[in-house]
Amino acid sequence: MSRASAVSDQLLAYYQEAGVDIALVQEPYTNRGRLVGFEVTPFRCFLSRGTRRRGRPEYVDHGAAIIVFNPDLVVVPREDGTIENFVSLDLDCGEDGTITLISGYFKFRVPTAVHVAVLNNLLHTVRDKVLIALDANAFSKRWFSRVDDARGEILATCIDENALEVANVRCSHTTFNGPRGRTNIDVTLVDRWTRQKTIGWLVEPGVTSSDHQLIKFALDLHRREFAHRERRFNLHSQNYLNFCQKYEALVNLRRTYVPDPDLSAPRRRRKVTPPWWTPELKDARKAVRAAARNMAAVGGRQIYKVRRNAYTSLLQKCKLDSWRAFCTLEGTQPWGKLYRWLRDGSRKHPTLGLLMRPDGTRCQTIDESVELLLNALIPNDLQQQEPEAAPQTVCDVQPAGEECLRELAWSISPNRAPGMDGISGKMIRVLWPHLSRRLFSMVNLCRLEAHFPAPWKSALVVPILKGENTGENHEPAFVGTNTTKSHGQTIWIHQGKIDNGCGGKLDFLERPETREMDLENLGVSPHMRAWVSNYLSGRTATMTIGGVSKSVRITKGCPQGSILGPTLWNVTMEALLRVEFPEHVSIQAYADDIAISVAGNTRTALVQRAEQALVPVLGWATSRGLVFSVAKSQAMMTKGYLAPGFTLAFGDERIATTDRVKYLGLWLDPHRNFKPHIEYLLTTEHALFSRLRGTMGAGWGIRRSNLLILYRGVFLPRVSYGVRFWGHATKSSKVIKKLGSLQRRALLGITGAYKTTLTATLQVLAGVPPLDLELQWLAVKEEARDLPQNLRLATMSSAFENMLDTWQARWSESSKGRWTFTCFPDIRLRISLPFALGHEVSQFLTGHGNFKAKLEELGLQPSPFCACGNGIKDVEHVIFVCPIHEPHRTHLELAAYRAGLLWPCRMEDLMSSRTTYAALVKFAKSAKPCTCSDECQGESWQKRFTCGAVLRGHSCVGDAGGADADNSGTRTTGGAVVAESFARGLASGTRAACDFGLMLRTPCCRGSEYGIRVLTCRTRRLKSGLEGRRQGRGRTETFGE
């Protein structure tokens, strides 16, 4: 693929048109670990391990990739076969067994023997059949190269040693056709059995603009049936009336509902069009293909390069325009697709690989992996028999009313994931007029007989990947039928004394006999106990992943996600909480998190008392078949100065003591200063606003007003979780500084200010209190919840006023950000003004922008004086004095006069009304801060030179700057081109004085009548004949003296 984005787009179009199932590619174009061009499609992409290249840490190259286009193929990636420049996966072919597919890339600069050694190791892990696609960069007549070389001989030896065969067939076209010639260097290797199944191997030229031609062949293999997770019903375009009529045609609910083909979600392969695709791109791609076919003609390669570059440029422009349109459309509301991207980033769809067993061996097939994962997530005892049917009991539960049942059905979200029957909450609402009576009678009949229907006892298990592909790094999410949830809520309503207000997910197991005992101890009637027992018996769980489906019988515990689950866990936990412990021991629990506090005067007494307190806890768990995770159990000193490191006996294991413990989302420490928790916030709560840079720009992107909503609705609740307990730890200067850095990224997005702006200035500009003060106020607010209403309001109001007073004192006493202080001296007035901020107006309100005085202060400009000659060019000079901006200032002066202000007025007065502020915003947008003189008032452009520096400025560099600044016709560096342009301007007698704007890694270039000084990252001699003196890499050069 030559690592070209245009080739990715061409392959995507060809693969979908030709109906390709699997593609094995080399040198793919990737960006941050994703295959560019295929990320918006439902295709499964597998990349080789990345190779670090120059630049940032995330800049890596992947030598090979495998793309699975057919969604009905059962494939599993091989962890031991995914290494640098090689990627492999297993294709399950049903009756034909499993075939291993390997895509490999032999780097030309790496000896072939190194790649062959890696390939040999991969082949040793292959059990049966194999197919290998290689970009070998080697010549051999065995794959019809014109000559043999040493690289080809090494690879040929590897082929013979592993009993492989070359599937290449002599063809009129070569696999490589580039500027260096035409030859065959791409090899397809197969074993003897697969060679007989290979059909129609050929080279298809002109498909892409890559110098490697496309190789196409077919395999005559059976295909394993792909098991899909669940049936989906599409009600968006379906007529509800017709749907209800079809349902009424059924006799009753006991007859299985067969979904209509019009209602079922489509499972067929469909062509996916990227959102950035346009008719112009289609025409440009056709032109590139035509030029590629005529490359052998005279001048054909030059025409091909021109069309290819034009197509690549248009493709990048369309992608950028599509992304900006998406951000603008989705940015009109704070919640939606753009918010999910800001929160989660680009989601990767992990696939299940060959898992590692507890004994250290790896599974051989995907069936073994699915069984291992299911048994790890759903512990069960295959030897345990189903409990006998409970004896007939007298019903003492009141029947559920039809209106009550409707409320329970409406409590289920319409878009909630359906169970195995595919019935969603929306379908229940649509069918409710026809379904209510039948469901009402069924629920009450089940209540009378203490029975739960068997079809409603089946649940789907959706594994959620938490890390690497091991059984321990997945957690289950149960998806039951929505009718089951409605029925389960009826039991929850009639539970009586069962509920004690505690909830959460269940990870423990329970034996039926102990559950009956716990329910009886709580005074639950025999009929209710029989109903619960029937609800938990005969349940099954099915997991479908990677096209493979496995089921298991649930013999222990209660399914997660059920309505009755938390209540049943409360029943189990109640027995532990009623255990009588000594006075020095206290116990509390939330869901399945248990905390035990033990007091003692000495270390020996603490250890003995703690171990004694754990004995009844362990006995309670053993009697109910529960298992504690010793690895997740920790002990910590909460008072005193005993050093951690000792252990506590807990059955046959020991619990280690640490200096910090995470309990219910809070990091606790012995000194109760909550420093570990604050450090944890600094490392986790910045992802939401870290991606803002690519979602907004001048005239496009997410609204900044929505960012304030995200700050209030997402960022602040996450950071302030549990602040009632740790709010007192935010008063030290170090913590205040850390919290300010945590808040800073969000404030930069809200205000659009430059990164050099102080955090205190950003807080005032955005109208957002310092994070430490707001956390302290939220802590008081949480504590005031238990107070009477009048006292609660008074307490909150007093705390809020104290926060504003402290904020005002900090702002008034600070010696920095004084220009913003002239705009907003009163904090209370600022938070009462609903300002719409933007990048342009933020520069004028902070003084940090493209003002020469500020740039000179930062070392980015040689002089702070304005081109008008009236003094230093700072923000005050631009707004009130500079004659260059007189046309832009007229509207601002008029608005000030209409507001009763004398010009020049105070900045505080301009901020006091909506009309004057709107005039300031208009002035900021029309008079953009510009460091260019009055002789060059054009649009700024950005150029990346061959030296790697980015230069911002104008195209009017003398008389010849616009012609030569594009670096065409010369091989000099960017700095040299600028110097040459200045020299030509001087030679023509024109004053070539232009002060360039803010530049990255490159200082400004300045021309004068005596000489030109340029800083370059790399030096070369000029072709223009100018005399130059080089003083070393990255130093100043003097030209044209």
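This is a predicted model: local features need pLDDT of at least 70, side-chain atom pairs count only at pLDDT 80 or more; totals for chains, interfaces and linings use all residues.
Colleague: How many helices and strands does the secondary structure of the chain come to?
Modeller: The chain has 1041 residues, of which 47% count as buried. Its secondary structure comes to 35 helices and 36 strands.

Colleague: Which residues does I879 touch, not counting residues up to four places away in sequence?
Modeller: I879 is one of the core residues that touch the most other members. With residues up to four places away in sequence left out, I879 touches W819, F844, R889, L892, W903, M907 and F923.

Colleague: How many residues apart in sequence are the parts that R224 and D92 tie together?
Modeller: The side chains of R224 and D92 meet in a salt bridge, at 2.6 Å from N to O. R224 lies in the loop between β17 (214-219) and α5 (240-248), whereas D92 is in strand β9 (residues 86-92), so the parts tied together are 132 residues apart.

Colleague: Is D92 buried or exposed?
Modeller: Buried means under 20% relative accessible area. D92 has a relative accessible area of 14%, so D92 is buried.

Colleague: Which residues are linked with D92 in a network of salt bridges?
Modeller: K550 forms a salt bridge with E371, with the closest N and O atoms 3.5 Å apart. This pair and D92 belong to a network, in which D92 is linked with R224, D367, E371 and K550.

Notes
Residues are numbered from 1 along each chain as its sequence is written. Side-chain values use heavy atoms; hydrogens and water are left out. Helices (H or I, at least four residues) and strands (E, at least two) are DSSP runs, numbered from the N terminus. Buried means under 20% relative accessible area, exposed over 50%, partly exposed in between (1.4 Å probe, protein chains only). A nonpolar core is a set of buried Ala, Val, Leu, Ile, Met, Phe, Trp, Tyr and Cys residues joined through side-chain atoms within 4.5 Å. Contact means heavy atoms within 4.5 Å. A salt bridge is a side-chain nitrogen of Lys or Arg within 4 Å of a carboxyl oxygen of Asp or Glu.
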